[in-house]
Amino acid sequence: MWCILHRPRRRRRDRGRRMKRRKWKKSEVIIAILLDLLGVVAIVALSSILLEYMGGSTVYNDLEKYVILPDEQADLPVEGESVDYAQAGQDEKSDGASGPKVVHYGRCPQVDLASLRVLNNDVVGWIYGPGTKINYPIVQGEDNSFYLTHMFDGKENKCGSIFMDSLNNADFSNTNSILHGHHMKNGSMFASLAQYESQEYYDSHPVLWLVTSEKSYLVEVFTGFVTDTDSDVWQIEFAAKEDYKSWLDSMKKNSMFACDVMPGAEDQILTLATCSYKYDDARFVVMGILREADQ
């Protein structure tokens, strides 16, 4: 048969068996071992990161039972419909003129902060971004270190918490109240803030909601940009209204998107901050006007 006639001769196969095996150099053995060890370390590190992500998701997903979110699609006005700010506790347009303005935003979520305070007395509010992953309790520690690496339940986790700057008043009564949150690779916490680089993203997400035990606020976003830890973004009070207005103008000029929202010297501001990967110690900040709304 063809397959039999063309079978290799035994003596050739035997000769192959007699070939000497290649000897590994000592340096090659060491390199191979190191590569194996690096592979193991990488797998362990990745597993650790995934476990922390899962742990963070579990904790914060569980807290959502204390929140009733609006049906955003049902609550949004019809395109072109005129909506009076008074529906959200607003009496004026952003330019100071009275009357209706066409806006698109969901309704304020209902948050059981009393029950959350039983779990953690550091809770000061809840932040929610319609159409985003931002839907978290806000805590405030004695410093800005603890909640950087600890979740709402106090467990250590790189996800940390959304926390209010320790220098701010817990009732959001400062001229500029600052919230910090990590830019997580899985899109959680404050990672979505960086998307305000895009005009299209701002147009789709012009507002957020802030709920406290005393009041609820529509947060009307007016600027978003990259800055650093030494900038004057972190100033929370101002000596005079003129200084504050000048500061607002500079914040507005830095914006990476265009909008006609401009705060005045009587307005209070909410600043949301997260890490940016543009350069070392860079931060991406989003600022909005606090408009008091009905609970």
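**Close-up views of the predicted model**

**Figure 1. Overall view of the protein chain.** Residues 24 or more positions apart account for 64% of those contacts in the protein chain that have a separation of 6 or more. The model shown here and in the views below is predicted. The protein chain contains 7 helices and 10 strands. Of its 295 residues, 42% are buried.

**Figure 2. Strand E3 and its two pairing partners, E4 and E7****.** Strand E3 spans residues 123-128 and is mostly covered, with 6 of its 6 residues buried. On one side of the pairing scheme is strand E4 (residues 135-139), which runs antiparallel to E3 and is joined to it by 5 bridges. Within this pair, Trp 126 stands opposite Pro 137 of E4. The two strands form a hairpin with 6 residues between them, and Gly 131 in the turn has a positive phi of about 75 degrees. E3 also pairs with E7, again in the antiparallel sense, over 3 bridges. Here the bridge partner of Tyr 128 is Trp 209 in E7.

**Figure 3. Strand E8 between E7 and E10 in the pairing order****.** In strand E8 (residues 216-228), 11 of the 13 residues are buried, so the strand is largely enclosed by the rest of the structure. Strand E7 (residues 207-211) pairs with E8 in the antiparallel sense over 5 bridges, and a hairpin of 4 residues joins E7 to E8. E8 pairs with E10 as well, in the antiparallel sense and over 12 bridges. Tyr 217 takes part in both pairings: this residue of E8 is the bridge partner of Leu 210 and stands opposite Glu 292 in E10.

**Figure 4. The largest nonpolar core and the surroundings of Leu 210****.** This core has 65 residues, and those with the most contacts inside it are Leu 116, Ile 127, Ile 138, Tyr 196, Leu 210, Phe 222 and Leu 270. E10 gives the most to the core, with 7 residues. In soluble globular proteins, nonpolar side chains tend to be buried together. Leaving aside neighbours within four places in sequence, Leu 210 is in contact with residues including Trp 126, Ile 127, Ile 138, Phe 172, Val 219, Leu 270 and Leu 290. Lys 215, Ser 216 and Tyr 217 are also among the contacts of Leu 210.

**Figure 5. The largest pocket and its lining****.** The volume of the largest pocket is about 300 Å³. Its lining comprises 18 residues, of which Asp 171, Phe 172, Lys 215, Tyr 217 and Gln 268 lie nearest the centre. Two or more lining residues come from each of strand E3 (123-128) and strand E10 (282-293), and E10 provides the largest share, 3 residues. By class, the lining divides into 8 charged, 6 nonpolar and 4 polar residues. Phe 172, Lys 215 and Tyr 217, which lie among the residues nearest the pocket centre, are also among the contacts of Leu 210.

**Figure 6. The largest cavity and its lining****.** The structure holds 1 cavity of 30 Å³ or more, and the volume of the largest cavity is about 40 Å³. Its lining is formed by Gly 129, Pro 130, Thr 132, Ile 134, Ser 192, Tyr 196, Tyr 201, His 205, Val 207 and Leu 208. By class, 6 of these residues are nonpolar and 4 are polar, with no charged residues. Tyr 196, one of the lining residues of the cavity, is also one of the residues with the most contacts inside the largest nonpolar core.

Conventions. Residues numbered from 1 in each chain as written. Predicted model: local features only at pLDDT ≥ 70, side-chain atom pairs only at ≥ 80, totals over all residues. Heavy atoms only, no water. 1 Å grid on protein atoms, 1.4 Å probe; cavity = no way out; pocket = protein on both sides within 12 Å on 5 of 7 lines; lining within 4 Å. Points joined across faces, edges and corners; volume = space filled by probe spheres on them. Nonpolar A, V, L, I, M, F, W, Y, C, P; charged D, E, K, R; others polar. Buried < 20%, exposed > 50% of the residue type's maximum accessible area, 1.4 Å probe, protein only. Pairing = 2+ DSSP bridges. Core = buried A, V, L, I, M, F, W, Y, C linked by side-chain atoms within 4.5 Å. Contact = heavy atoms within 4.5 Å.
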